[in-house]
Amino acid sequence: MSKGKKLKRVEESSFGTSKKHKNYIVGQFVANPRGFGFVEVEGMDEDIFIPEEYVHGAFHSDTVEVEILPESTGKRQEGRIRNILVRGMEELVGTYQGEKNFGFVIPDNSKVLQDIFIPIEHHGSAVTGDKVVVTITDYGNQALHRKPEGKVKEVIGNINDPGVDILSIVKNYDIPYEFPEKVINQANRCPDQISEADMYGREDLRDVMMVTIDGEDAKDLDDAVSLTIDDKGLYHLGVHIADVTNYVQESSALDREAFKRGTSVYLVDRVIPMLPHRLSNGICSLNHGEDRLALSCLMTIDKSGKVIDHDIVESVINVNERMSYTSVAKILEDKDEEETAKYKELVTMFEEMAELSSILRKKRESKGAIDFDFPETKIILDEGGNPIDIVPHERNTATKLIEDFMLAANQTVAEHFFYLQSPFVYRIHEQPDPEKISSLAAFVNNLGYHIRTRKDEGVRPKELQKLLKGIEGTKEEAVISRMTLRSMMQAKYSTECTGHFGLAFDYYCHFTSPIRRYPDLQIHRIIKDHLRGRMTAAKSSHYEEILDEVAKHSSETERRAEEAERETDKLKKAQYMEKHIGERFEGIVSGVTAWGLFVELENSCEGMVRAAAMSDDFYVYDEGNMKLVGERTHKEYTLGQRVMIKVAGADRLTKSIDFKLVLSEDEDDDEFDYDGFEDIPKAKKIALDRARKVRKLGEIAQEERNDDDGDDESDDIKVAEGRLVEYNGKLIDLSEYEPDALTGEFRKKRKSGSDKGKGRKNAPSNKEKAKSSRKVYKVHKYKKSATSKAARSAQGKGRKKKK
């Protein structure tokens, strides 16, 4: 969850001897829920595989030293972790489970394989069923069978409370969602209106007709567009971007916080902005009818779509109308009379904008730009945060024209500063990996299509564009489009201008969204320094010193935001499908693996059909052609194929949906029981066991809440009943076990004569424990790793006596 700075060197004696001067490889450990992991090493094409027995206590994201093993059992190099240099995770999010004298936290992160032990004095105000943030105080010792320990830092809320599920994901990804007081105070000092002094030296464009075009619910309007056509038929396109840098000065509290966040995060139920609302929705938002400061990219474009002239200026603007995508689409596509009459002064400009948009798009296509037009959806939630619908989010003429104009401005600005040889932050998209393209070429060749590659240049974007154009409307379209997308590299930020493969641009940057992206904000500073004659040698040196880190950090925060957005979508989609268990839907096979099929429904929910549940035959995975083939019937399931499924299960805790193929119309609709199968993948079993535990804790928490609302006499009854934890690879009920006072190992409880036949009615409830402020020091009786010197001493004496 958070980047650690602690150093830890693993004792060589713990994991076998090796030469002290042996050269180890340093990299970052990536854990797998099944116990093994990989080490990513900068500069190496392939990760190093770490078998489970050689993980040696490393946590996910630790920086480690790896010894390469002389022999490998698989295709990858294998290694063993010899030293843990830097702990990458100091905090984690999980569900608290309270016991009489200690507690546990079950981590949300599936890559953290062990529950975290919480001594009673470190549980804070947490009670069973609370989502908490835990600081790891001891990472345990695998060789000594000592489990990790932690301290509850923060209680997020009860697992049953609305919004806690999303907030837990936010915390788990370490995304800052509250602004420090200093940042808020600085934002509050910003003016509500611009002054005459602010406008000094700027180009006055307030008489130019311009509009903003955004979604209906958008509040941070950071781009406006204008367009005129002259007597020669040349288009004069203006892209006007809010001048956020006028209010966010470099190295200020606002700037440091913006850098830390890197980007705004758009989750299913909330937006976590990069800048406080006072700025993003106020003075930096290009609100209709209000004077605003901007940076304007003014382009002259000919009828072929070529930018023949441009100017980048500091400006003052005043937006004539705040338009929505829906409204503009009604005017341009539907020729809606009411909408056309309402905005009659703007209709001609919109029509000319659509005309220019089409020209720019065709020019990009002629160069080979790749356009993946996958359908997007929006999840609709009720007031309690429960998903009630999933609706399509379609691109229309209005969304496309804004996209085309922003691309033109970004390309023009990037090219301008490339030729100035100025320090800059570019948006790059590298050539695809040759091996992935080779696999794609072999796959499409089996379907009758062809990709031409060159040894010196690899594949050109135009080749992939030609492929995607050739499959439009065919049954293979979905499968080949997905395979092509998966063969692409991820776009990122860089100080080197290497071009954008997917857009087929030689020069590209992000200039158009300084309210929600930090690289755009940084680019605006560089532009203004050039415009004001402040780009001295010292200033240039300053930018060269900081921009590599800006590019790297911005790429990382972008990945973090994307992953959090994906997790919240998966959570709410699984929650939505919980209401549709047993129902039938038609879907498309979106993935094929050795253990089953992934099927995506029309509403974008994706679930898995396990091969073991395909009862009509035994299916074998054909890796080369990415399909499952029945041994007896020779029936095939491949990417892009339409299938009928039944929803067998959905679990918001594991964020997973399970499907079963419907083989005939009159098939029995009995419930599908996954526990009846022996070959559930290990990772799935671990996830299901963990979800079962968390679900039980949620039920206990709800029962206690219900008891609090009703009869207080029942508060003391339910304490540890049904408390499940994972111990030595199996689930045990803590109501039946206790830690040994000397060894700390769990053992079956011994029943005294007075205890026989009695329950635990005298045990304190979680509610009472939360209220109690009394510290319990006899931790050594319940945990091997005691927290006080006295306890450790007592343990030592006990062991000596035992000998």
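The points below start with the whole chain and then move to particular places in it.

1. A word before you start: this is a predicted model. The chain has 803 residues, and 50% of them count as buried.

2. Two more figures for the whole chain. Among contacts in the chain with a separation of 6 or more, 67% are between residues 24 or more positions apart.

3. Now go to strand E1, residues 25-31, which has pairing to look at with both E2 and E4. With strand E4 (residues 63-68), E1 runs antiparallel and is joined by four bridges; look for Ile25 standing opposite Val66 in E4. With strand E2 (residues 37-40), the pairing is again antiparallel, over four bridges, and here Phe29 stands opposite Val39. The hairpin of E1 and E2 leaves five residues between the strands, and Gly35 in that hairpin has a positive phi near 110 degrees.

4. His56, at about 55 degrees, sits in the loop between strand E3 (48-50) and E4. Gln421, also at about 55 degrees, sits in the loop between H9 and strand E22 (426-428). Is each one buried or exposed? His56 counts as buried because its relative accessibility is 9%, and the cut-off for buried is under 20%. Gln421 is exposed, with a relative accessible area of 74%.

5. Which of its residues are buried? They are Ser327, Val328, Ala329, Ile331 and Leu332. The cover over these residues includes strands E12 (211-214) and E19 (321-324), along with helices H7 (337-342), H8 (344-367) and H9 (397-419). Just after H6 ends, Lys335 takes a positive phi of about 50 degrees.

6. H8 turns up again in a helix crossing. The axes of H8 and helix H11 (residues 461-470) come within 8 Å and cross at roughly 110 degrees. That angle makes H8 roughly perpendicular to H11. On the H8 side, the contact is made by Arg364, Glu365, Ser366 and Lys367, and on the H11 side by Lys462, Gln465 and Lys469. By class, that gives five charged residues, two polar ones and no nonpolar ones.

7. Last stop: an open sheet of three strands in the order E27-E28-E29, with antiparallel pairing. Which strands lie at the edges? They are E27 (619-622) and E29 (636-638), each of which pairs on one side only. Neighbouring strands of this sheet are turned by 20 degrees against each other on average, direction ignored. E27 and strand E28 (residues 627-630) run antiparallel and are joined by four bridges. To find your place there, look for Tyr619 opposite Gly630 in E28.

Notes:
Residues numbered from 1 in each chain as written. Predicted model: local features only at pLDDT ≥ 70, side-chain atom pairs only at ≥ 80, totals over all residues. Heavy atoms only, no water. Buried < 20%, exposed > 50% of the residue type's maximum accessible area, 1.4 Å probe, protein only. Helix = DSSP H or I, 4+ residues; strand = E, 2+ residues; numbered from the N terminus. Contact = heavy atoms within 4.5 Å. Pairing = 2+ DSSP bridges. Axes fitted to C-alpha atoms, helices over the stretch in contact; angles between N-to-C directions. Parallel < 35°, antiparallel > 145°, perpendicular 65-115°, else oblique. Nonpolar A, V, L, I, M, F, W, Y, C, P; charged D, E, K, R; others polar.
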